[in-house]
Amino acid sequence: MNPLFDMTGRLVLVTGASRGLGFAMAEALSDAGAHVVLNGRDPATLDAKAEALRAKGSTASISTFDVTDEAGTITALDAIEAEHGPLWGVIANAGIQHRSPIEEFETADFERVVATNLTSCFVLAREAAKRMGPRGGGRIINTVSMLGTTVRPTVPAYIAAKEGLRALTRALAVELGPKGILVNAIAPGYFATEMNQALTEDAEFSAWIEGKTPLGRWGQPNELGGAAVFLMSPAGGFVNGHVLAVDGGMSVQV
Ligand code: GCO
């Protein structure tokens, strides 16, 4: 194992890890030696995913809670540390999408997206900082999006929340840096995940995405894990307040 990317002995919680990009990042960290704790809302799905990692020699665990439940998040963090020891890092990845023309976009749906994609990340970071700070530090990664800097119609809540999360990442990096806590974000482009299944199955939309991406294709979830390992490992030891784009170059193409 290259010591720069060695995660041996590190405990990392990944929210929204039962599928898609969350599981891909958890798997990459597990393959790098971390003990990953997979979060989601369905214990059966999480158990199956954790078993898949254990079958590869990992010591993966699960923690079932809804990231929008503040009390549940706090209880879960206490239980994780009581059972497994101090958390080295958290990846605030859990997120939802809601697509609708603005004129039909209900306020309740907007608030639901913001609660999951932004507010829950604030709560997790605050609670993680309370634990990591006195121990000399740790790592926090937020999953933002390529959307925000550039945007598309029908996903205003997602864009607003993810762009807010970019700004929150910078705010946390500056406030928590002196405590040894590095805070960064990963900005995925368009990946072929379950959340995007309606898009990948739409031939016209899919062709549009492929045309706007220099690599001419959708990303595959396993192509995101390396960014998480980089930011969580010794290799990322002086990276703070950064938004790491993993989008095939889409964000820099006109
Ligand atoms: C959408 C997609 C996007 C992607 C990703 C792009 O509806 O446009 O769901 O939000 O998931 O965030 O960076």
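**Exercise 1. Find how many salt bridges the structure holds, and trace the one made by arginine 135.**

Step 1. Count the pairs in which a side-chain nitrogen of Lys or Arg lies within 4 Å of a carboxyl oxygen of Asp or Glu. This predicted model holds 12 such salt bridges.

Step 2. Go to arginine 135: its side chain meets that of glutamate 81 in a salt bridge, at 2.7 Å from N to O.

Step 3. Arginine 135 is in the loop between helix 4 (107-132) and strand 5 (138-143), and glutamate 81 is in helix 3 (residues 70-84). The pair links distant parts of the chain, 54 residues apart. Helices (H or I, at least four residues) and strands (E, at least two) are DSSP runs, numbered from the N terminus.

A note before moving on: residues are numbered from 1 along each chain as its sequence is written. In this predicted model, local features need pLDDT of at least 70 and side-chain atom pairs count only at pLDDT 80 or more, while totals for chains, interfaces and linings use all residues; side-chain values use heavy atoms, leaving out hydrogens and water.

**Exercise 2. Locate histidine 98 and list side chains that it contacts.**

Step 1. Histidine 98 sits in the loop between strand 4 (89-92) and helix 4.

Step 2. Look for polar contacts, pairs of N or O atoms within 3.5 Å; within protein, one must be able to donate a hydrogen and the other to accept it, and residues adjacent in sequence count only if both atoms are side-chain atoms. The side chain of histidine 98 has one with that of aspartate 109, at 3.4 Å, and another with that of arginine 112, at 3.3 Å.

**Exercise 3. Work out which polar atoms lie by the ligand's oxygen atoms.**

Step 1. Start with side chains: a polar atom of arginine 99 is 2.7 Å from a ligand oxygen, and an N or O atom of asparagine 196 is also 2.7 Å from a ligand oxygen.
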